[in-house]
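The entries follow in the order in which I made them.

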Amino acid sequence: MAFECQHYAAVKDISTNFDSDQVIAIENKKTESLGAESQHSLPISNLKIGLPSIEASQNHRLCFADLPPALISEILNFLDSKGLGIVSCVSTSLYKLVSEHYAWKDLYHERWGNPTTAVNFGPGYSNENSWKKLFVDREFRSKVFMGRYTMDTLYGHREAIRTVFVLVSKKLVFTSGYDQVVRMWDMEEGFSIASSRPLGCTIRAIAADTNLLIAGGTNGLIHGWEVVDGNPHLFDLRPPQNQETGFQNFRHEGPITCLALDFTMIYSGSWDMTVRVWGRSCLKCLKVLVHNDWVWSVVPHDTTIWSTAGSGVYIWDTNHGTQLGVINSAHFGNTYSLARSHTGKLLFTGGEDGSIHMFEVTRNVIKCNARRIASWSPHTGPVYSLAFEFPWLVSASSDGKISLIDVRKLLKKTGRSSKDNTFGAKHLKNQKNVEPPQRMLHGFGSNLFSVGIGADRIVCGGEDGVVRIWNFSQALEKEERARNLKGIRLENRMRRNKIQVEMGGKGSQGEQCSVAAKKNQINSNRSGWHNKRRVSWKVKA
């Protein structure tokens, strides 16, 4: 409404400079030109709001592009990426305004967070234009998961893999499980980089960023490795003394099932029915969040943390340690897995019943509310792990299958001019309107316990102790090559058909000529026979 008040105030300033017989009519996009006497009173007011002079307006009608750039920028704030793209096709001036609009940066952060690597588009691009190019390229690359893939199979673990973590920014994969060893893999090349010594227990959870790697297991201890300067792979897992430095007091009374990191905190959940919040700088426990059942998963965002215990989902304020809300009986049986969007407005849960739910989260000062938007049942066994990278939600289950769900069609665009500028979710009255998973990856008879997703790869580990990486990085190129080959085949087929038609036409003409020749031959034979008889008669005569 602040925008509307400024608009009316500007119009009021203009009206004070006119005499009673001077009228500006802005209706149905038509502007009446003023008399020469009133033109002297306009320049000052026009400069206040950036309107073109009356001399220019006498020669052409005002259009949307004639509005002040600041006003156009506010209007563009209400559009999503598709709307911005349509507006940019109207004219060159609007194309420039849309390309340099700051909304592209907000759109990128809403979907994928901060870029994992620094992007330099060269001197020909402004900072805002770079964000548009970055957004369009990332949106285009998100289609790769519907294309062709290659699969790398990595061997090294001797027993089942319980946890997989993908550090996308450094293209690293961390895995561990029943063999008690944490292994680090190169996600692109598919080879083992390093492995730790046996940690003395089954490792059920791993979390990492570019400064810290942590692992937790059934002995209730959190093992940690700090970044090593100059190490291209960040962490040195081999020295046994490294993994205990500073983490001696990070302990639960029961097995640790889940871990998470943010810039200042470490979050751990355990079968001792608590979630503990640890300070990364002080290395002390700051909060203990008590549940009424085993904790299976934790997902932090800003000053809140989501956790699952039993069949319920709980929302906590990490600053005060208070409970903001709860989703009772989210699944039939235990709720094993959680995932969220970068904005924290979309929450996904997977449970023992094999179903996946999508919730829209809203928060006020007192509490958080979660409204279920959609549900899927792609699995016949429990959903042990979820991972989300816009727009793809990936799930791994005990039935040996991985499902890929595109959530774009479930999202709606909310006003970006508000303080809470983010994507919301559509209100679907009928669950039948929800599309089934767009793709299923299957063929593995064993349980799949953990899954991770990157920009163009999916990583999974399970009961057979094998790490599988689905590589979609060349999917678009392969699709383009297949499309080109299909076009060449179609062109060759049309050319062959054309030649066959031409040859068929020539063949019919030849057949007609041969038939005519045969007829002429028969006729000539008959005429010859009569001529011979005439000749013979004459001879006899």
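**Entry 1**

I started with W271, which is partly exposed at a relative accessible area of 23%. This is a predicted model, and I read every value below with that in mind. I then looked up W294 and found that W294 is also partly exposed, with a relative accessible area of 40%.

Next I returned to where F174 and F235 sit, to have another ring pair at hand. F174 is buried at 0% relative accessibility, and F235 is buried at 2%. As for the tryptophans, W271 and W294 form a stacked aromatic pair, with 4.4 Å from centre to centre and 20 degrees between the planes. Where do W271 and W294 lie along the chain? I found W271 in the loop between strand 12 (265-270) and strand 13 (274-279), and W294 in the loop between strand 14 (285-290) and strand 15 (295-301). The pair therefore ties together parts that are 23 residues apart in sequence.

I followed the ring pairs onward. They link W271, W294, W296, Y336, Y384 and F449 into a cluster. At F449 I also noted a charged neighbour: R162 lies over the face of the F449 ring, 4.0 Å from the ring centre.

I counted the aromatic pairs and got 15. One of them is F174 with F235, an edge-to-face pair with 6.1 Å between centres and 65 degrees between the planes. F174 lies in strand 5 (residues 172-177), while F235 is in the loop between strand 10 (222-226) and strand 11 (256-261), so this pair ties together parts that are 61 residues apart in sequence.

**Entry 1: a loop serine**

I looked up S398, which is in the loop between strand 24 (392-397) and strand 25 (402-406). Is S398 buried or exposed? S398 counts as buried, at 17% relative accessibility. The value is under the 20% cut-off, which is why the residue is classed that way. I then listed the contacts of S398, leaving aside neighbours within four places in sequence: G381, P382, Y384, S446, N447 and L448. Y384 was already in my notes as a member of the ring cluster.

I took helix 7 (residues 103-112) and found 7 of its 10 residues buried, so the helix is largely enclosed by the rest of the structure. The buried residues are A103, W104, L107, Y108, E110, R111 and W112. Looking down the axis of helix 7, I saw that these residues fall within an arc of 165 degrees, so they line one face of the helix. Just after helix 7, G113 takes a positive phi of about 75 degrees.

**Entry 2: a hairpin**

I checked strand 8 (residues 203-208) and found it mostly covered, with 6 of its 6 residues buried. Strand 8 runs antiparallel to strand 9 (residues 212-217), and 5 bridges join the two. A hairpin of 3 residues connects strand 8 to strand 9. Across the pairing, A207 stands opposite I214 in strand 9.

**Entry 3: salt bridges**

How many salt bridges does the structure hold? I found 11. In one of them R138 pairs with E389, the closest N and O atoms being 2.4 Å apart. This pair links distant parts of the chain: R138 is in helix 8 (residues 127-141) and E389 in strand 23 (residues 383-389), 251 residues apart. R138 is buried at a relative accessible area of 18%, and E389 is buried at 13%.

I also looked up D406 and R408, whose closest N and O atoms are 2.9 Å apart in their salt bridge. D406 is buried at 18%, whereas R408 counts as partly exposed at 25%.

D464 is partly exposed at 34% relative accessibility, but R468 counts as buried at 14%. Finally I noted a network: salt bridges that share partners join E139, D406 and R408.

How values were computed
Residues numbered from 1 in each chain as written. Predicted model: local features only at pLDDT ≥ 70, side-chain atom pairs only at ≥ 80, totals over all residues. Heavy atoms only, no water. Phe/Tyr/Trp six-rings, centres within 6.5 Å; stacked < 30°, edge-to-face > 60°. Helix = DSSP H or I, 4+ residues; strand = E, 2+ residues; numbered from the N terminus. Buried < 20%, exposed > 50% of the residue type's maximum accessible area, 1.4 Å probe, protein only. Lys NZ or Arg CZ within 6 Å of the ring centre and 35° of its normal. Arc of directions from axis to C-beta. Contact = heavy atoms within 4.5 Å. Pairing = 2+ DSSP bridges. Salt bridge = Lys/Arg side-chain N within 4 Å of Asp/Glu carboxyl O.
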